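Please look over the structure below. The report that follows takes it part by part, starting with a pair of strands.

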Amino acid sequence: MNLNLKIATTRALRSGLRIITRATISMQLILIASCLMLTSDLARAEEAALDIALPDQNQHLALVDLLRHPAVRTITIPFDVSYKQSMHYRALPLRAILRDLHTFKTIQFKAKDGFVATMPTQLLHGTAVPWLALEPPNARWPALKPGGDSAGPFYLVWIGAENGAIKPEQWPYQIKSISAVQPLEQRYPQIVPDANLTTESAEYRGMQNYIQQCASCHQINHGGDANIGPDLNLPLNPTEYFQADYLRQYIRDPASVRAWPQMRMPKFPPSVLDDTQLNELLIYLHHMRTRKITTVGTPTKTVSKDAKAMTKDGEK
Ligand code: HEC
């Protein structure tokens, strides 16, 4: 009897202790977890950085340091392309942080989601002035889509965009890096029309429109830096499976042809891509049907001939 009682008491005591120990452990776990969460939030804010790779400038610039740059101002963008409303930002004139812009022709902005805006460097010296908007960790911007991320931490905005020829595709957000690159058509000769066509041809001008407006998301013949949308030549070219009028309608307003919540392709109204440019673009797309590459990375003979010609041009 006595012994049994003793055993029972010890058991009760032990399990009580176990409960207490468990409780302490889980309290500790909660504490540790919340500390970790706090530090990871802080770490994220501290980590936010921009990589710059220019001929004479290789930098990893932390958001916190950029926010302290003496050239930072509060600017107002009357009609923000991404937020579709007036916005205020803490921002730096892009030219204040990029050196020797005159030494290269093409500049590229890579975003977190695979979007890549490639533009002529001379655009940065036009009437519209580019600013790098910086998202302060303690005053975050709104989400672009309900439940999604903001345009930060780095977003390229333009003052006076109405005067210059700045397209919506030239407002990259969630920027990760800025680098000097060779023009897209030199790096990916498989997107270039037949070498017998002049640079004044509709096909060639169509390629220029494609580079300016579409290559930020699409590739042609597996050529391009972005990968948000499908390749527009392989395996099939949309001019092969879209009725011409519907393809035109799709580019003008994708949701009027097919619509679903996750769709990404923006509208291209005449203010962004006029009728002549759209015609050239469609002529270019149609032409590229005849220039499909057969194997990834191995362009057909005609394409590699162009490739040589292009590299030579690029070296001049
Ligand atoms: C911001 C990224 C983006 C840009 C810029 C963009 N597209 Fe798209 N495009 C997409 C995505 C993503 C899809 C797949 C459907 C979707 O999610 O909207 C798509 C789908 C398409 C399709 C339909 C393909 C199919 O088989 O359904 C065509 C055609 C097309 N794009 C052409 C163009 C052309 C031409 C341009 C330039 C004028 C362009 N896109 C610019 C992202 C983009």
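## A hairpin to start

β1 and β2 form a hairpin, with two residues between them. This is a predicted model: local features need pLDDT of at least 70, side-chain atom pairs count only at pLDDT 80 or more, and totals for chains, interfaces and linings use all residues. Residues are numbered from 1 along each chain as its sequence is written. Helices (H or I, at least four residues) and strands (E, at least two) are DSSP runs, numbered from the N terminus. Two strands pair if DSSP finds at least two bridges between them. Strand β1 covers residues 49–54 and strand β2 covers residues 57–62; they pair in the antiparallel sense over six bridges.

Take Ala-49, which sits in strand β1. Its bridge partner in β2 is Ala-62. Two residues are in contact if their C-beta atoms, placed from the backbone, lie within 7 Å. Leaving aside neighbours within four places in sequence, Ala-49 is in contact with His-60, Leu-61, Ala-62 and Leu-63. The C-alpha atoms of Ala-49 and Val-64 are separated by 8.4 Å, and the two residues are 15 apart along the chain.

Ala-49 counts as partly exposed because it has 18 C-beta neighbours inside 10 Å.

## The whole protein

The secondary structure comes to nine helices and nine strands. The protein has 316 residues, of which 28% count as buried. Among contacts with a separation of 6 or more, 61% come from residues 24 or more positions apart.

Strands β7 and β8 run antiparallel, joined by six bridges. One of the links is between Leu-132 and its bridge partner in β8, Leu-156. β8 is mostly covered, with five of its six residues buried.

Val-157 lies in strand β8. It counts as buried because 25 C-beta neighbours fall inside 10 Å. Not counting residues up to four places away in sequence, Val-157 touches Ile-77, Asp-80, Tyr-89, Ala-91, Trp-131, Ala-133 and Trp-171. Val-157 and Tyr-89 are 68 residues apart along the chain, yet their C-alpha atoms are separated by 9.4 Å.

## The nonpolar core

A nonpolar core is a set of buried Ala, Val, Leu, Ile, Met, Phe, Trp, Tyr and Cys residues joined through C-beta atoms within 7 Å. Which residues touch the most other members of the largest nonpolar core? They are Ala-91, Leu-132, Ala-133, Leu-134, Tyr-155, Val-157 and Ile-175, out of 55 residues. Domain 1 (47–181) and domain 2 (185–309) both give residues to this core, so it lies between them. The domain bounds come from an automatic or database domain assignment. In soluble globular proteins, nonpolar side chains tend to be buried together.

Beyond its neighbours within four places in sequence, Ile-175 is in contact with Leu-50, Phe-109, Ala-111, Phe-154, Tyr-155 and Leu-156.

## Around the ligand

The ligand is surrounded by 21 residues, and the closest are Cys-214, Cys-217, Gly-229, Arg-264 and Met-265. A residue is near a molecule if its C-beta atom, placed from the backbone, lies within 6 Å of it.

How do the residues of this shell divide? There are 15 nonpolar, four polar and two charged. Ala, Val, Leu, Ile, Met, Phe, Trp, Tyr, Cys and Pro count as nonpolar, Asp, Glu, Lys and Arg as charged, and the others, Gly among them, as polar.

The peptide bond from Gly-152 to Pro-153 is cis, with omega near 5°. Pro-153 is in the loop between β7 (129–134) and β8 (154–159). Another cis bond runs from Leu-234 to Pro-235, with omega near -10°. Pro-235 lies in the loop between α5 (202–213) and α6 (238–241).

Gln-174 is not a glycine, but has a positive phi of about 50°. It is found in the loop between β8 and β9 (175–181). Gln-174 is buried, with 20 other C-beta atoms within 10 Å. Asn-221 also has a positive phi, near 55°. Asn-221 lies in the loop between α5 and α6, and is buried, with 23 other C-beta atoms within 10 Å.

Conventions: A residue is buried if 20 or more other C-beta atoms lie within 10 Å of its own, exposed if 12 or fewer, and partly exposed in between; C-beta atoms are placed from the backbone.
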